[in-house]
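Student: I have a model open and want to go through it. Can we start with one residue?

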Amino acid sequence: MAVQFQEPNRHYSDEDEMPPVSFRLGPQDNRNSLMDADNEVANITEGIQSGVKFDPSSQRQPGVKFAEPSGVNFSEPSGVKFHEPSGGVKFAEPDFVPEGGRRGAKSQELHVTISTPDSVKPQATGSIRRKYNINFDVPPEIKKKIQKAKEEKAKRLDLAKQDLPGMPPSIKDCNHVEQLYMYGNRLQTLGPEIGKLGNLKTLGLSENQITHLPEEVCNLSKLEVLDLRHNKLREIPDQIYSLSKLQTLYLRFNKITEIKSQIGNLKNISTLSLRDNKIKIIPPEIGMMVHLTALDISHNQLEILPEEICQCRNMTSLDVQHNELMQLPSGLGNITKLKRLGLKFNRLTSLPDSLANCKFLQEFTLENNRIELLHEVVMLNLSRLSTLHLSLNRFQEIPVIDSTHFGNVMCLIMESNCITKIPQAVFSGAPKLNKINMKDNQITAFPLDFGTWVNFIEINLASNQITVIPEDIRNLVNLEVLHLNNNFIKVIPQGICFLRKLNILDLEGNKLDALAGEICYLRELVKLNVQSNLLRALPRGIGNLANLKVLSIGENDITEIPQEIGSLSKLEELYMNDNTDLHSLPFELALCQNLQLMSVEGCSLGRMPPQAVDGGPSTIMQYLRFHGPYRHMNFK
């Protein structure tokens, strides 16, 4: 028999939506929200529906007053008073047995009144049954769009970015729609109308405020793609676990803390994204998702991966970076189809030997772990890797024995380790290796076969302990980028003039006391950084660097800028700061018409008018342009 909820002039059954219960909490109420009050009403009603005697003393909170119907005696602790309100929501109580009464007595009416200070707005949190309808005025243009889709039996309906707080009720008539997009609205849930869209295959709900889903979602038996990115879910809604045909599920950027064992029900999923949540454990049932090809569970709080994940043998991409993993499953190599494995920013100290079976790996990121050693068998079998990321670990040597181990590796990144030397013949025979980044190590010298690195286009050995650049650098004719900043280099070799493709040369923070004139032959140079050295002058051939855009010569002992600097027509940035003995600038600097940024802080410039110097770089440039020999030129 259905329970009837009575209110003046209206009757509600347990299948109808209840009107909200209004609450006003007293000033002495210590509760932080109205949720407790909602639970109070729900608990009372549950007892009424079940015919069980209810003792309010077991639920009572201080500051909440209950009206006790006449003739009904509750066992209450002494000192608790009840107030009989004059109105309120009335619940017809079936077969309620008051204390000392008998079954079959006339049903009693239970009145509930809860008060809150005027500063707290009433909230409709007292409905006995959770409902998902949100009453709002559907904009006319949305009504037209839905009506048009209905008339044309459209397969696709786009209601994205319409500032909708809920699902328009008329959408229930669009059961022919296969793709529904409602991303970028203000949805907190979906209406029951969603259950009418039985042909739906794609549902886009990203960038809303969704906290839960209605039961009617279970009716979407044909759904293949569900996008719930950037919402407020704290768990994966149970309804999702029943969508057996789901193939793609996006749940990234929510607040999910748990994956239930029912995840194993989703056997047809190929792409699962759970990135940027708060998940700590993956259940072993993940191994039942045999069609999974891409799993992204990065940026969570995982400490371990279950061994069962190795049963997902169709997986080609596994991303678990930015977690707290300390070890990997020993059988990880069973996922032989892996092409991408993201492990960076964890706490790994070793890798399983079985990883050697993943011969299709093309991208392998390991930076920011605690790895000290890669076994030779692993390196020998990762022949398809194009990029090897090993930065921010604890390597003391390069994890290869000879250049053949690099196979197809084009880029090796090992910055911020503890490497002290580059062994001979490690790089020279690597067929495709052309970029290395080994900055922030403890390397003291280039290997003897440095001159054989003829295929290299980028070398970064910054922040090491190198003192000498070998003369046979002249052989590296394909080099485009060279970072040797923050070492102990005193001399630039003459052979550097042969690097005619060089675009970037960074020698900041060394012990250079002069720039070799040969550097002026690097006509493709775009950026030259010799900041923080011991330079006293620039070579006059500096003007030959016709493509130079950035020149950093600050924090040296330079006393004069050569006039030839005016030939740098493409110069955009010039840093001359903290050359304390630099007393003037040449008028030819005015010819650098593309100059956008100039730094002269810490330079005396005592031979220039104080009013120009005090105004900063802009007034200095005005002075050079309009008070020198080039004042008749038409400057920009």
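Student: Is Asp319 buried or exposed?

Tutor: Asp319 counts as buried, because its relative accessibility is 6%. Buried means under 20% relative accessible area, exposed over 50%, and partly exposed in between, with a 1.4 Å probe and protein chains only.

Student: What should I know about the model and numbering?

Tutor: This is a predicted model: local features need pLDDT of at least 70, side-chain atom pairs count only at pLDDT 80 or more, and totals for chains, interfaces and linings use all residues. Residues are numbered from 1 along each chain as its sequence is written, and side-chain values use heavy atoms, with hydrogens and water left out.

Student: Back to Asp319. Which side chain does Asp319 meet in a salt bridge?

Tutor: Arg340, at 3.2 Å from N to O. A salt bridge here is a side-chain nitrogen of Lys or Arg within 4 Å of a carboxyl oxygen of Asp or Glu. The pair links distant parts of the chain: Asp319 is in strand S15 (residues 317-319) and Arg340 in strand S16 (residues 340-342), 21 residues apart. Strands (E, at least two residues) and helices (H or I, at least four) are DSSP runs, numbered from the N terminus.

Student: And why does Arg340 count as partly exposed?

Tutor: Because its relative accessible area is 24%.

Student: How many salt bridges by this rule?

Tutor: The count comes to 13. One of them joins Lys260 and Asp238, with the closest N and O atoms 2.9 Å apart. Lys260 lies in the loop between strand S12 (248-250) and S13, and Asp238 in the loop between strand S11 (225-227) and S12, so the pair ties together parts 22 residues apart in sequence.

Student: What about Lys344?

Tutor: The side chain of Lys344 meets Glu367 in a salt bridge, 4.0 Å from N to O. Those two are 23 residues apart. Lys344 is partly exposed at 21%, whereas Glu367 is buried at 12%.

Student: New topic. Which residues of helix H5 are buried?

Tutor: In H5 (residues 617-626) they are Ile620, Met621, Tyr623, Leu624 and Arg625.

Student: What covers the buried residues of H5?

Tutor: The cover includes strand S27 (597-599) and helix H4 (610-614). Contact means heavy atoms within 4.5 Å.

Student: Zoom out. How many helices and strands does the chain have?

Tutor: Five helices and 27 strands. Buried residues make up 47% of the 636 residues. Among contacts between residues at least 6 apart in sequence, 34% join residues at least 24 apart.
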